[in-house]
Amino acid sequence: MRKPIGLVAAAFLSLLVSMLAAPAPAHAAVGLRVSGTKIVEANGNAFVMRGVSHAHTWYTSQTSSFADIKALKANTVRVVLSGGRWTPNAASDVANVVSLCRQNRLICVLENHDTTGYGEQSGAYTLDQAVTYWNSVKSALTGTEDFIIINIGNEPYGNNNVSGWTSATSSAIARMRTLGFQHLLIVDAPNWGQDWQFTMRDNAATVAAADPQHNTVFSIHMYGVFDTAAEIIAYLNAFQSAGLPLIIGEFGFNHSDGDPDEDTIMAQAQQRALGYIGWSWSGNGGGVEYLDMVTNFNPAQLTSWGQRIFNGANGIVSTSREATFFSGGSSDTTPPTTPGTPSAANITSSGATLSWTASTDTGGSGVAGYDVYREQGATDPLLGTSATNSITLTGLSAATQYQVYVRARDVAGNTSASSATTTFTTLQGGGGPSGGCTAAGTVQSQWSGGYVVQPVTVTNTGTSATTGWTVTFTLPAGHTLSGSWNATVSVSGQTVTAKNAGYNGNLAPNGSTSFGFQVARPSSNTATVSSYTCAAS
């Protein structure tokens, strides 16, 4: 959250010193940990965060909030702490927070708020200083890896000098491990958590590699930057395609920098089994009081935002599941429910898009994905796998009948019964669609050193479905591509070639999709990309 909360104390200027004489060696991850793109418990059951933030560091007397948040079915609370920028939370206070987390059967994400807006906001601490704080309270955290997660530093860079985020974050992770912390770690994006310059997105693999335990999760904060479904989906797709774990570590229903699309945020999180944590329980100030979920810490006085996040579609009450750690950590032996009958669309000579009603999983580990098979006698070949309840099949034979079905699987390895089958026939071959495609770009935002083009809309102008598209454009002299999404992009000189991703190449006649990109340019230059060429296949 960019705005500091009201009623804060004066900042402390000195750093907290290290209290441990010797670091412990790194070990394999224990307790809550990363498995692929998911978070799992020690027993392998998937854990999907459904929670809210609580401004403990400014309201240390509001300890009943833990029970109140739990009573509204949250399984996670993100607890704001300080190591000196505000009145510091000493090890004794952190120990009390840990006790409240366990007592109320909540997974707690402990975050250091001192780093908020570093480089842009006066008084902000570095990530290295945040690690020093965690070391000072380590005595309260040792042995809590099953239910405590450490969010190293909140929004650790503002909008200045964000290129330093990668090395600073990597160093903070490595130092946490050298100090002996075995916890699941969370790292926030720069740009006040919103990563609009895509520094975290484009460097996440490097940062993940800095953790010898491979036990770090990335956190995006979604406020005004994420005001459209396209922007939300594109960002989540990028981490899914990279195979890296991501949570929506903060979001709201409104903000001073724009109107976030909370409906899409929550729906996509539920569809993808991604954790989300809303901001915040109560006590907001500085002009963002509307982000309070309850009035004056009273759980009986839900605000409109509180009603939305707890009781609305894809909200906490309907989607939250308590961590199995609190019930003895029983293993999951229950298979997911049977998926719905798949339906086929966008059929071409070599592919088709299938979708089906999603499965649910009551065993505790959560649905991990789906396998799509072709019914073909004694041995049914696997046509593809998907993490969601849809898939675009490619590489099929032309003019061929396919009878297909779907099975769901959970994180524990249980497999559902097979869905009913559906039958479709691919089209005759013939060298591609009749016609072609067009591409048109919109400059979404620009500043002295660059600009963002979003969306570039690709439209099939032919009479048959496409199986792919290629858009080319030329960067003005001195401009360089600094990021892209929803397309596979290559650069030769000033010529950029953008090809469809695996999920957006199939376009029906008059159908369209979009991608986007970011460009860096000299500060005195105001030119932008203005023309595009499109070819369909």
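Which residue is the bridge partner of Thr459 in S26? Some notes on the model, with that one picked up in point 3.

1. Ground rules. This is a predicted model, with local features needing pLDDT of at least 70 and side-chain atom pairs counting only at pLDDT 80 or more, while totals for chains, interfaces and linings use all residues. Residues are numbered from 1 along each chain as its sequence is written, and side-chain values use heavy atoms, leaving out hydrogens and water.

2. Overall build. The chain has 9 helices and 27 strands (DSSP runs numbered from the N terminus: H or I of at least four residues for helices, E of at least two for strands). Its radius of gyration is 24 Å, which agrees with the value near 24 Å for a compact globule of 537 residues (taken over C-alpha atoms; the rule is 2.2 Å times the number of residues to the power 0.38). The C-alpha trace spans about 75 × 65 × 50 Å along its principal axes. Buried residues account for 53% of the 537 (under 20% relative accessible area, 1.4 Å probe, protein chains only).

3. The sheet. Four strands form an open sheet in the order S20-S21-S26-S23, with antiparallel pairing (strands pair if DSSP finds at least two bridges between them). Strand S20 (437–447) and strand S23 (480–485) are the edges, each pairing on one side only. Inside, S21 (450–460) and S26 (512–520) run antiparallel and are joined by 8 bridges. As for the opening question, Thr459 has Ser512 as its bridge partner in S26.

4. Largest pocket. It holds about 840 Å³ of space. A pocket here is an open set of points on a 1 Å grid over the protein atoms alone, where a 1.4 Å probe fits, with protein on both sides within 12 Å along at least five of seven lines; lining residues have an atom within 4 Å of a point. Volume is the space filled by probe spheres set on the points, joined across faces, edges and corners. Of the 29 lining residues, Asn237, Ser390, Thr392, Tyr503 and Asn504 lie nearest the centre. Helix H6 (229–242) is among the elements giving two or more residues, as is S26; H6 gives the most, with 5. The lining divides into 7 nonpolar, 21 polar and 1 charged (Ala, Val, Leu, Ile, Met, Phe, Trp, Tyr, Cys and Pro are nonpolar, Asp, Glu, Lys and Arg charged, the others, Gly among them, polar).

5. Second largest pocket. This one has about 610 Å³, and its lining comprises 10 nonpolar, 12 polar and 7 charged residues.

Technical notes. Buried < 20%, exposed > 50% of the residue type's maximum accessible area, 1.4 Å probe, protein only.
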